[in-house]
Amino acid sequence: MFLTEPEFFHILKNDLNRVPYGSVPSTSGGPTGQQLGILSNSQTNWILAGPGTGKTETLVLRTLRLLLVDGVRPESIVLTTFTDRAARELFERLSEYLNQFLRSPSFPKTNPPDISRLWLGTLHGLAMRIMGEFQRTPPSLISEEEAMMLFMRSVDFWEGNNPLNNTLYTDLTGKTMKKEFPPKPINWAKNFRAAVNRVIEDDLEIDALKTNKPLSGSSLWSVKNNAPRLVEMMEKYHQALKGRFDFTLLQSGFLNFLSTKEAVAFLDGVSGNAARPGLTHIIVDEYQDANPIQERIYFTLATQSGATLTVVGDDDQSLYRFRGATPDALVQFGKQCTIYSLPSPTKIELLENRRSHPDIVESLNEYISKCIPRAAFGVARSPKSPLHAKSSITGTHLSISTIIESDGESLAKKVANIVHDLYDGGEITHLGQVAILAQSTKQTGIAKFSKWEDAFSKLAMPLNNPGAKNLHTIIIVKQLMGCISLLLDDIMVPSKQLDVKAHRKAATVLLKSDKKFNKWFDDQRKNFILPINSKSWDKDLSLLGLANKVLGQDVFSTRINAHPFDAWIIGWLLRQFAAFDQVFGGYTNKNGKIPHIDGSYWTSSVWKTQGFKGKRRGVDPGYIQRLYTNLAALVKSGGHDTPTDDLVNLPSDQVNALTVHQSKGLSFPIVFVDWRNVREPYPGSSHLQETQFQPFSPRNHALTLPSPVERAAHDSIRKFFVALSRAKYAVVLCLTEKDKLAIATDSIAEIPSDWFNSLQGL
Amino acid sequence: MGIGDKLRDSSGSQKVPNLGSEAAKPVFSITSDIFLYRRCSRQYGFVKVRGYPDEAGSQAFIGDLVHNTMEDVTLHWGRMGTEPTDSEVAEIMIRHYKQLLSQGATPRDWNALKSIGCKVMVLVRTMSVHGILKQINSAEQTLLSDQGKHIFQGRVDAVYDTSSGDFEVWDYKSARDPRGFLQKLSPKNPVYSIWQRYLADNEAQLQLYTHLFETTYHKKPTSAKLMFIPNIPLTAPVPGANKLKVEDTWRQYIPPPIAKSAWESFHTPKEMGPTGTGPIFSIPVTKKAIGVAMVDLQNTANDILDQRKKDNWPIPAATQRPDKEKTCDVCAVRHTCDAW
């Protein structure tokens, strides 16, 4: 016994007190976008959902309608989204609504669906779950930290003067390796690995790449061996994974799984006693950030199971090209449906913006209309109608405005004073109501975000800046790294990581300041640097274990216990040590791999050059070098990119300083958009690689794609649009006079001068 | 006049709205948040909030293995329509064992691992033969309950349909049964209160699950049971006298089921009560008991919220110290802890 559609709507309206279907008809007199999104029975649905238009609500109600009206079994529905956080929110909302349905007196007394049986999660999470359940050999996934270290260990890309690497690097990034001094192995590794990942994620024809024979057109590599060289790097790395997946290979692994016999039970179900249903509905959230291989996975799922395919997203908010995503997946959804022999999709637009002040919505519409003619942006986006302002927020205040100051410091001071004034006046009750969104929140770099931190701290308003990336300046990090170096390495193994000296110096100063610690430290050193007949070697001590021993000394533990920030940073560093242990430390016994520091009887040319003769016990200098190259360099580079999911809970008592990427999916009452140092569109490595790889892409080789410069312009427009559209009550664009002059020339893709001139100063 | 006046609504009717769902409500898992915090607030803060890595990944090895295996056994029934054979159970368990190893986790005690795996096999064989397995209609079901400032989350290991049309909730425990310790120890022994606390936590866990079922589905389970795997008797000795590899131990194990009469003897009120020694412990799920448990859990959740705000994770007071072996010896931050 299930609900009829009218009963479903009745309960929503009367018992849940919701008007879920909105009020703006998608066509004159027709149903609203929300209504179509929830009720459409088409085989393929293309839902375009602008910012703040109730996308999550629509997805949740569509899923509930399938469960409660159509009686679809939860195991038959795949509902994927982009982050764990978004998946969690979907599950919570589903659980909350289902609960309210069950409370309704109108709800029939029947067994409710177990929504934990839905295939709900990120595509990566679902791939692991599905293969774990249906595949005989369970998949094994390694962490991103471990994957990067494994890549660095297994792939030869170190020599900046190696012409093979250098020309390849230039083809992939537009930069030159040998000009980078001091050498930046983490940057090199990040860039090479991103390209290797892209080969998989762009779903390229690897044999064509390996032989440098394009599927059509001509190859764009500067040296003909560069394409095979890239494949060689990729294969070396994949061999080192030994059958395990990293996050990229998990996708191709899952795609391969879908063609196996084991996948049939998942796709088609099993008849007989088991009564397990097959897949009938696939709903994909944030489809604008799908990459080509994900696109193929979703179409393969739909075509092999016969399930409906509903994609939801907004290409104007596509941000993750640098991770292999492309807005083309959403924009060209209809075309792909034809290629996969699926019916043309029902286009559904969610247009009711319930987030922002009407003036902000009006300005967003104006903004997009001004951008459409720029750099062929209009051709690269889905045709969409303007947003309708439906927020309850009103007010006569200046809801969208600019602040222009002579330099970054004055700008930050002015914003800090404004926030302080509003806080003093009681308009803002929690500092978390304010966000500063920037292209980068690094304390160093061109746009130095430290000016904001200085300005806000002077007024006793703390900033929450999860992307500060100033690890190498934090004293406790230097001290711990230095202590590890001094403990394991008495000869200062040659290293290109100049920071090692600074780390050792910081540790030496600490040792001199604390006699108790100094004595303990001397005893410990004997564990690692010993005459050959010593028996006190602790062979099972891992790097993580050693770090924990050091941190257990009063001089560190007191500081960690008293300074939460230091404790957080040390937690991050320890996670890197754990990954290092997995990749570089360890021996294998019958029970598996035991991580440990690699000490051995060792005679090496490196030691001889340092004046040591004969056999001597100590830590393998190669191990030390790997330690420096991986960990010291990682600290120097500010760590890996912070995953978006780290921002699970934003503090309400700090002003949030976030990158635009970190702000995706969030909204804030007041947003200051720090867009200093505007520049003309500048293609990055992801834009260059898309063009470089196009001739080898079965999906794209015959298409006419925008140029790298045009795509860079489009991405700047999208990023700026996302920043503006986070605001509920007010958004303020923060620039310097120099930026204003550049905008006046109309050469800044993401800020059309006529739109900019329509904004009032604050 | 202030510098921020242009951002003030002159009519005074529109206030700056509050931060909405971005200040996301924390979700507290009953086992990995609430109970971890109760055992040691410091360990909770460093591991769960600040993300300190576990040195050997050993803490949850056996628990994960047992739960993953039992979930798969139930799924096997659902998918294949047949009970898994001994060798299929062994292979399921080996799969999860290898997966845990590949994630860098290491069990602390290899022999204990082999033994607990064999006990899982005895349990599955017994449940198959006595028709229990086919009456489990759901495994690892996630339930949420919005409590205002936070959300409680529980994962129910198994929902068992009784022959009378009602249902029970079950939770598998791979840790030792606190009832045994409480009977052996004098109440004056300082360790007594630790085990008493563990027992109370176990009870509260299933009382919360009962509450979650009631609030989510408006149906109340008739009973809630803990199943202590270490208390499952081995019906055949562990093969290989601890000389075999873990995988071979389980592959070679072919256990007879526990006899029906013996299995039923585990279900007497005495055996399922606080002084029982069998694998099953039945938890009271009266309205009053659930009410008391909920208040207690709420208090802990509020404590966690307060501590999170301060980002301060002190060592528990001497009288509240956790069990050394169970909590401290496997703690990722024991080296910096005076209690260790």
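## Interface of chains A and B

In this predicted model, 82 residues of chain A are in contact with 63 residues of chain B. The two chains bury about 6200 Å² between them, with 54% of that area on carbon and sulfur atoms.

Between chain B and chain A, 18 residue pairs are in polar contact, counting pairs with both residues at pLDDT 80 or more. The elements of chain B that each give two or more residues to the side touching chain A are α2 (41-49), α3 (61-80), α4 (86-102), β2 (136-146) and α7 (190-217). Sorted by class, this side of chain B has 22 nonpolar, 22 polar and 19 charged residues. Two salt bridges are found across the interface. One pairs A:E427 with B:R8, with 2.7 Å between the closest N and O atoms.

## Strand β3 of chain B

Strand β3 (residues 151-161) of chain B is largely enclosed by the rest of the structure, because eight of its 11 residues are buried.

Strand β1 (residues 27-29) of chain B runs parallel to β3(B), and three bridges join the pair. Here B:S29 has B:Q153 as its bridge partner.

## Hairpins around β3

β2(B) and β3(B) are antiparallel and joined by nine bridges, with B:L143 partnered by B:G154. Four residues lie between these strands in a hairpin, and B:G148 in the turn has a positive phi of about 95 degrees.

β3(B) also runs antiparallel to strand β4 (residues 167-173) of chain B, through four bridges. B:D161 stands opposite B:F167 of β4(B). This hairpin has five residues between the strands, and B:G165 takes a positive phi near 90 degrees.

Technical notes. Residues are numbered from 1 along each chain as its sequence is written. Chains are lettered from A and ligands numbered from 1 in the order in which they are written. This is a predicted model: local features need pLDDT of at least 70, side-chain atom pairs count only at pLDDT 80 or more; totals for chains, interfaces and linings use all residues. Side-chain values use heavy atoms; hydrogens and water are left out. Contact means heavy atoms within 4.5 Å. Buried area is the accessible area (1.4 Å probe) that two parts lose on being put together, summed over both. A salt bridge is a side-chain nitrogen of Lys or Arg within 4 Å of a carboxyl oxygen of Asp or Glu. A polar contact is a pair of N or O atoms within 3.5 Å; within protein, one must be able to donate a hydrogen and the other to accept it, and residues adjacent in sequence count only if both atoms are side-chain atoms. Ala, Val, Leu, Ile, Met, Phe, Trp, Tyr, Cys and Pro count as nonpolar, Asp, Glu, Lys and Arg as charged, and the others, Gly among them, as polar. Buried means under 20% relative accessible area, exposed over 50%, partly exposed in between (1.4 Å probe, protein chains only). Two strands pair if DSSP finds at least two bridges between them.
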